[in-house]
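Hi,

Here is the structure I promised to pass on.

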Amino acid sequence: MTTTDMPRPLDADAKQPVSKQSPRSAARGGIRRAVPATTLLWILAFLYGFPVLWFILSAFKPASDLFSYPLTLVPHNPTLSGFRAAWDSANFSQYFINTAIVCVITTILTVGVSCCTGYALAKYDNKWLKAFFLCILATTMLPGEVMLAPEFLVVRNLGLYNSFAGIVLPAVLTATGCFMFRQFFLTVPDELVEAARIDGARELAIFARIMVPLSRPIMLTLAILSFQWRWNDYIWPLLMLNDPNKFTVQIGIQSIVGAQNINWSVLLGASVISMIPLIAVFLVFQRYVMGADINAGLKD
Amino acid sequence: MTTHASTVSASPPRKRSKYTFAPLVLIAANVVLFALFFVWPAVIGLVYSFTNYTGVGVFQWVGLDNYHNLFGDSTFYDALTRTLLYTVLFVPLNFALSLLAANLVVSKHAKGSSLARVIFFIPWLLSPIVVGVLWRWMFGENFGLVNYVIEKLGGGAVPWQSNADLSLLVVVMAASWMWTGFTMLLFIAAIKNVPVSYYEAASLDGAGPWRQFISITLPSIAPTSFIVILLNTINAMKEYPVFVALNNGGPGSSNNLLVQYIYETGFKRGQIGYASAASFVLMLILMAVAIIQLIVNRRVENR
């Protein structure tokens, strides 16, 4: 995308002081600039962080305190009863397991298939590959939501209705994944492939033994993204599943919201529980998401 | 991935185009998936949009009737205009917030930016359903924190749920809040790619931070801006779960967006043919957006 001839990181440290006239005035100017920038940053961060904080702390309030005025940020008698009620109610633990199964299987398949496709698109060159590249590009323009009804019929005709396979398989092909791997393999020098060929390695062995291990960071990044997409997916599982024992977490939460009288205590508990896996995964693998150069064809 | 097919070309040929078998094996899985879950639905969707298919049994060819009825259907028009209004509000708001966040996070003057970056990013991890629940909780008319604070400050309760326009506004804010983290990442990557020497030259010439932002940062990240607008437009046009969880397309059906309309006609009323026609209208809009974006982008890059 923004391909500039002079990337920033290389000379950032070396030339930084140039922009400031002298060390002393730089320090003063630094503070004068740091105060408004830091203030603005933290006001904005507060606006983004506070709703989540309020939501999570509310979940620790006992059901009777949720609506009692004056509202307080920190619960007076923190309790886990909301979480417990949510976990026990309406098969929520089963939903949780179902979602985990779907997410893990889809993520493994997506990473594997995207890695193969990305490598083929980056390191080989023929007209079929070029055509397929355009096909993948086309999928970004036409998200699955646009073709809900026909896609539903196809999956039903394949006999996958009301099965996890019906949720997993249509989600495996993602343009983002293919493009991320393609982008990565383009940066791997062709000489590496050539050298392996001269040593007599077979094409697919080159891929499996040399290229796959090289692409580990990309695998992790895509795995996190894929896990997030599938964990948070709502409309497709809703269409595909009609057996309550196979429901996913998002359907479970929506069924609490959709009720005539919303049980907020259970709803808050269920929502907060559903947030935990992703936030845990993210905090552990943060740098793989934050550092990633995700740029093209983003789609879930 | 584990298919080690034994295809050896006896002598390593020079031209990369000589290898056809290996790449085809590698893309085989995705080609099958593409055919099954993309080409097939697209084709039968187009066919069904000219029929009165209900999902089961026989169907009749009705020609352009579905499309004709669609443009006479006021519910469809309402869904379409509401979707466009939502898009027009969401895309600029998200753009501005993300760009602001990205600039503050990369600014070397702001302290604690790595923690702030995580805070900006967390809403993106939440599912659209949970985001809807969260904002419903904040903006509840009788119990929400926002109305509580407004009343404390002496104002009257604001009808966040029962007024259609305010209700849409809450969804716009919720969605912008949710998507900021991700859009911000794209902007951060772009801003970091702007050569530092540009800023040095500008500050030697006496340009202040605002001037530098307008004259250097914005033009340099233009390609990313186009991608962001394109992605966010597509995302906004297909928005559904946030609405379902926040106000269920309400009050009444005033905030039913296109995807919800397609879902309800196709799956609740079983008019698959009619819903397919609505899908193709949405698809044409998205394609038009994409093509306009491509043309504009190319023109900007060629300048």
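A quick word on terms: helices here are DSSP runs of H or I with at least four residues, and strands are E runs of at least two, both numbered from the N terminus. By that count, chain B has 13 helices and zero strands. Please keep in mind that this is a predicted model.

Some overall numbers for chain B. Its C-alpha atoms fill a box of roughly 75 × 70 × 40 Å along the principal axes. The radius of gyration is 25 Å, whereas a compact globule of 303 residues would come in near 19 Å. As for burial, 45% of the 303 residues count as buried. If you take the contacts in chain B with a separation of 6 or more, 68% of them join residues 24 or more positions apart.

Tyr198(B), Tyr199(B) and Ala202(B) make the contact from α8(B), and Gln212(B), Ser215(B) and Ile216(B) make it from α9(B). That set splits into four nonpolar, two polar and no charged residues. The crossing of α8(B) and α9(B) is right-handed.

Then there is the contact between the chains. It takes 92 residues from chain A and 100 residues from chain B. On the chain A side, helix α2 (residues 23–59) gives the most, with 17 residues. The chain A residues touching chain B divide into 61 nonpolar, 20 polar and 11 charged.

Cheers

Note on methods:
Residues numbered from 1 in each chain as written. Chains lettered and ligands numbered in written order. Predicted model: local features only at pLDDT ≥ 70, side-chain atom pairs only at ≥ 80, totals over all residues. Left-handed = near helix turned anticlockwise from the far one by under 90°. Contact = placed C-beta atoms within 7 Å. Nonpolar A, V, L, I, M, F, W, Y, C, P; charged D, E, K, R; others polar. Rg over C-alpha atoms; globule rule 2.2 N^0.38 Å. Buried ≥ 20, exposed ≤ 12 C-beta atoms within 10 Å, placed from the backbone.
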